[in-house]
Amino acid sequence: MAHLLGAENIHLAFPTKEVFDNITMGINDGDRIGVVGRNGDGKSTLLKVLAKRIDPDEGRVTYRGSLRVGLLDQGDVLDGELSVGEAVVGEMPEHQWASNPKVRDVIGGLLNDLDWNQKVSELSGGQRRRVALAALLVQDLDIVMLDEPTNHLDVEGVAWLAKHLNERWPKNTGGLVVVTHDRWFLDAVCNFTWEVYGGRIEPFEGGYAAYILQRAERDRSAAASESRRQNVLRKELAWLRRGAPARTSKPKFRMDAASELIANEPEPRDRVELSKLATARLGKDVIDVEAIDYSIEGRKILTDVTWRLGPGDRVGLVGVNGAGKTTLLKLIDGQLNPTAGRIKRGKTVKIAILSQDVRELDEFHGERIFQLIARERSTFNVNKKEVSVTQLVEQLGFSQAQLQTPIEDLSGGQRRRLQFLRLLFGEPNLLILDEPTNDLDTDILAAMEDLLDGWPGTLIVVSHDRYLLERVTDNQYALMGDGKLRHLTGGVDQYLSLRAASLSASSNNHPTSSTSNETQSSTAGVGTPAKPALGGAQLRDAQKNLARIERALEKTSQEESVLHQEMAIHDQNDYAGLAALVERQSKLNEKRENLELEWLETSELLA
């Protein structure tokens with residue numbers, strides 16, 4: 001395996017902090033490296049050192065021959081006077097870039113919603129970020145370094161980027177280094193993980209799941225004082241092993257050790273207990289969205305949406321940009337009124353929203369973190385245990401020294417963590433998280449998920465972070481861009497399949513040039529050959545069967561809701577009765593899984 005890049009005995013210090021202390025590492029052909037670590041520990045600085053944008057105080061970085069290295073930095077700024085096309089392909093003639101499959105794939109995956117002639121200065125921050133990513137990916141590079149490339153991509157865009165990178169850098173070809181908090185992306189793309197902490201870099205083989213396994217083993221043997229941190233890691237490892245079989249097939253070593261680590265680890269959430277607590281706090285009714293429409297300036301955003309949320313429901317919401325996700329949240333919260341239909345909120349519902357921009361903290365200009373926290377409250381209940389605010393603050397990554405920080409000096413990630421704490425202090429029973437993962441590192445995300453595991457309310461999460469959605473929610477829904485809300489019985493994978501089918505149908509219904517068709521098909525992110533379409537009686541039978549399965553799934557969902565209510569009010573000392581209820585739940589789970597599998601198989605026939 002060819003060696004591409006080497007960094008030897010790197011030492012780097014800033015005036016107030018030592019960043020790296022005598023670190024040595026290298027990148028070989030075929031390495032796809034994910035870089036993780038806490039915010040501020042030097043992940044972005046590491047990329048700049050390796051790309052020779054920052055010179056270390058000691059040591060050196062060497063490249064093999066005429067190595068071509070590209071870096072997407074969070075601070076990169078494009079020339080605002082350039083058009084989108086000029087920023088991406090420069091002065092390359094159209095016939096040249098249009099005939100290049102790699103360039104067409106990048107444009108279709110990242111820029112298909114942008115005007116090619118629009119000035120960069122007229123774009124939003126997220127759009128400019130996508131243009132910068134596209135401009136890097138169209139180049140012929142040996143090593144690509146990406147700093148938080150998924151921050152402004154939706155679920156579909158993240159899936160496309162993972163597919164593009166895997167196809168572009170197959171085994172023993174080139175190198176990739178990526179800093180990201182997106183744990184699904186790390187598992188989908190990376191075959192090595194570097195953890196940056198304490199001025200050092202520790203390498204791990206495999207993606208995020210493998211990293212968590214090895215780190216849990218390391219921490220278990222390190223010291224008993226790490227017990228709290230280990231518990232969070234073990235819980236996440238247990239979820240990785242039990243809840244995501246497709247992902248955990250990636251680390252193909254030490255599976256026996258993983259099983260031993262989680263042998264006595266309970267499920268992340270006690271759903272029966274949480275359902276009981278949620279029912280007690282919320283009552284029977286939470287949110288009933290009944291046949292609502294919403295229009296703005298003559299354009300329909302939502303059409304005939306019906307959605308019922310009960311006590312303890314944990315739902316994720318995905319959809320293309322502009323499909324109406326944030327609008328639906330504002331309608332639920334009462335910030336907007338529907339054009340038609342109605343939204344009924346339970347009498348005891350107390351809503352709290354973690355917004356995308358966290359502007360709520362602006363009113364506390366001049367205050368320090370500890371002053372704000374002291375005014376909010378002194379204790380908090382988690383899993384029926386009283387926990388001090390100091391413990392919560394430490395769990396979400398604030399040290400005692402940081403409590404003296406003025407609120408206006410907080411970073412984006414720190415502001416998000418502090419606002420999340422403030423929401424929990426208010427003890428809401430309906431919590432809405434709108435893109436909660438922005439600016440947060442993987443450790444803080446795991447800690448946030450750990451807190452949510454013991455939180456007994458109704459939860460709505462809007463996020464492009466697929467890992468988070470699968471980790472903290474039990475059901476996912478999608479806004480497909482047609483104003484309709486759809487229940488994703490097959491989860492995020494189903495959403496991506498539906499989007500791919502929709503884009504393919506749109507391309508077939510509106511044929512353009514061959515180049516345009518190829519570009520749109522690349523956006524779909526699937527490489528499977530087209531299946532012959534069903535016709536006549538076969539098509540009608542498949543459609544009827546799909547409708548039957550959806551009715552059966554709806555009925556099963558209703559039966560589960562009734563069963564959960566029975567469990568919540570059942571006498572906890574009646575062990576025989578509880579055993580019977582658990583047996584009913586087991587049978588319903590099996591029935592639902594079989595129906596979902598049948599639904600996916602039938603949907604593939606109709607796709």
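This is a predicted model: local features need pLDDT of at least 70, side-chain atom pairs count only at pLDDT 80 or more; totals for chains, interfaces and linings use all residues.

Residues are numbered from 1 along each chain as its sequence is written, and side-chain values use heavy atoms, leaving out hydrogens and water.

Rings of Phe, Tyr and Trp (its six-membered ring) pair if their centres lie within 6.5 Å; planes under 30 degrees apart are called stacked, over 60 edge-to-face, and the rest tilted. By this rule there are five aromatic pairs. One of them joins Trp 97 and Trp 116: the centres are 5.1 Å apart and the planes stand at 40°, so the pair is tilted. Trp 97 belongs to helix α3 (residues 94-98), and Trp 116 to the loop between α4 (101-110) and α5 (125-137), so the pair ties together parts 19 residues apart in sequence. Helices here are DSSP runs of H or I with at least four residues, numbered from the N terminus.

As for accessibility, buried means under 20% relative accessible area, exposed over 50%, and partly exposed in between, with a 1.4 Å probe and protein chains only. Trp 97 is buried at 14%, whereas Trp 116 is partly exposed at 25%.

Phe 204 and Tyr 211 form an edge-to-face pair, with 5.1 Å between centres and 75° between planes. Phe 204 is buried at 5%, and Tyr 211 is buried at 1%.

Finally, Lys 52 lies over the face of Tyr 63, 4.1 Å from the ring centre; the criterion is NZ of Lys or CZ of Arg within 6 Å of the ring centre and within 35 degrees of the ring normal.

Key
Helices (H or I, at least four residues) and strands (E, at least two) are DSSP runs, numbered from the N terminus.
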